[in-house]
Structures are given as structure tokens and as C-alpha cells.
Amino acid sequence: MDDRLLQYFIDPRTSKILLDIVRENRITVKRLCENNPGTPRSTMYRILNKMEREGFVEVVDYQQKRGTVEKTYSPASSLRMGPDPNDVSSDDVAVLFMSFCVGFANQFREYALKHPGKLDARNGTFGYWTAPVYATDRELQVLIENFGQHMDRYSKKDADGDRRLHSIGFIVSP
């Protein structure tokens, strides 16, 4: 996997933007800004221009709107197709997993450094745990699908009032 793409997934803001583009398949900047109210339009364009230069998204439509041009973005073909499973080695999977873990740990560390004294697991705003689970392949698949449905529902909510951006990682090991 391209390290540049991995960096987008490590950052919660760019990850959400890229996932919005992939989920919608065709999306305007206006809609992306509505989905990501904490991201100013100028920052959104900067992120999208960089994603376009790096080949992860492409402009698929231009619409003239009151003297400006509104672009519609779509995932680049490389993102739509996904990696060829025959080209992914065990070593590649291990490297991707370690990159995910390091990125997630860095997010946590950055938050802890920016908000000293704010981390209190007792208030339920953060936590980490592991639990052994005995499950059939089908039961595990259902668990993962249910988790995905919950994540999808919450990832579509906007920041407002007490609602803040959080990153939630979910790992299933063999």
C-alpha cells in the first residue's frame, strides 16, 4: 500500500473525507463540507487538490454555479478496484497492520500531549481492551458486520454541541 494513502487513513479528518468520497462514489465539495462541518472550504479544497495530485481521487464533473465552478469528486480507479489479493503477501499484511497500530497510537499520543489531565478512562471517553472471543467464522462475520453498521451510523453524524471527533479502531486477530 502506498504510504501516502496510509497517511490519509491515519488522520481522522482526511480519513473521513476519503471515506465519504468512497462511500458516495460521486460527491461535491459542498456535500463534503456539509459532512465535515469542522473543515473550512479552503482546507477541504487543499486536501482534495493534494488527493487529486497523488492520484487517489479524480474530478468527474464540473458545474458552473454563480461565477464559480463546483467540482464533483470520485475515488480514483485504484481505490475503487482495491488491491489484488494475489499481490498481498503476509509480510505486506503485517506491515499494514503495524502501520495502522503506530498511526493509531500516534493519534492517541497527540491528543494526550495537547490535553494534559483530560484523559480519564472512568468517564468513558476513551479506553482500550482486549477480550478472547470464541466464535464460528459465521458468528465472527456477523459481529464484524454489526460493528460496521454501528460505525457507519455514527460516522455520518456532524459535530455539534457536545459531539466531538473520536477515532475508534477495531481489530480482529486470527
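**Chat about a predicted model**

Biologist: What does Asn-25 count as?

Modeller: Asn-25 counts as partly exposed, because its relative accessibility is 35%. Buried means under 20% relative accessible area, exposed means over 50%, and partly exposed is in between (1.4 Å probe, protein chains only). This is a predicted model: local features need pLDDT of at least 70, side-chain atom pairs count only at pLDDT 80 or more, and totals for chains, interfaces and linings use all residues. Residues are numbered from 1 along each chain as its sequence is written, and side-chain values use heavy atoms, with hydrogens and water left out.

Biologist: Where does Asn-25 lie?

Modeller: Asn-25 sits in the loop between α2 (12-24) and β1. Helices (H or I, at least four residues) and strands (E, at least two) are DSSP runs, numbered from the N terminus.

Biologist: And what is phi of Asn-25?

Modeller: Near 75°, a positive value in a residue other than glycine. Most residues other than glycine have a negative phi. Arg-66 has a positive phi too, about 45°. Arg-66 is in the turn of the β2-β3 hairpin, which has two residues between its strands.

Biologist: In what order do the strands form the sheet?

Modeller: The order is β1-β3-β2, in an open, antiparallel sheet of three strands. β1 (27-28) and β2 (57-65) are the edge strands, each pairing on one side only. Two strands pair if DSSP finds at least two bridges between them.

Biologist: How many bridges join β2 to β3?

Modeller: Eight, and β3 covers residues 68-75. One example: Asp-61 has Thr-72 in β3 as its bridge partner.

Biologist: New topic. Which residues have the most contacts inside the largest nonpolar core?

Modeller: Ile-17, Ile-21, Leu-32, Met-44, Leu-48 and Met-51, in a core of 17 residues. α1, α2, α3 (29-35), α4 (41-53) and β2 each supply at least two core residues. α4 gives the most, with four. A nonpolar core is a set of buried Ala, Val, Leu, Ile, Met, Phe, Trp, Tyr and Cys residues joined through side-chain atoms within 4.5 Å.

Biologist: Which residues are buried in α1?

Modeller: Leu-5, Leu-6 and Tyr-8 are buried in helix α1 (residues 3-10). They cover an arc of only 155° around the axis, so they are on the same side of α1. The arc is that of the directions from the helix axis to the C-beta atoms.

Biologist: Last one: which helix is Phe-104 in, and why does Phe-104 count as partly exposed?

Modeller: Phe-104 is in helix α6 (residues 90-114). Phe-104 counts as partly exposed because its relative accessibility is 31%.
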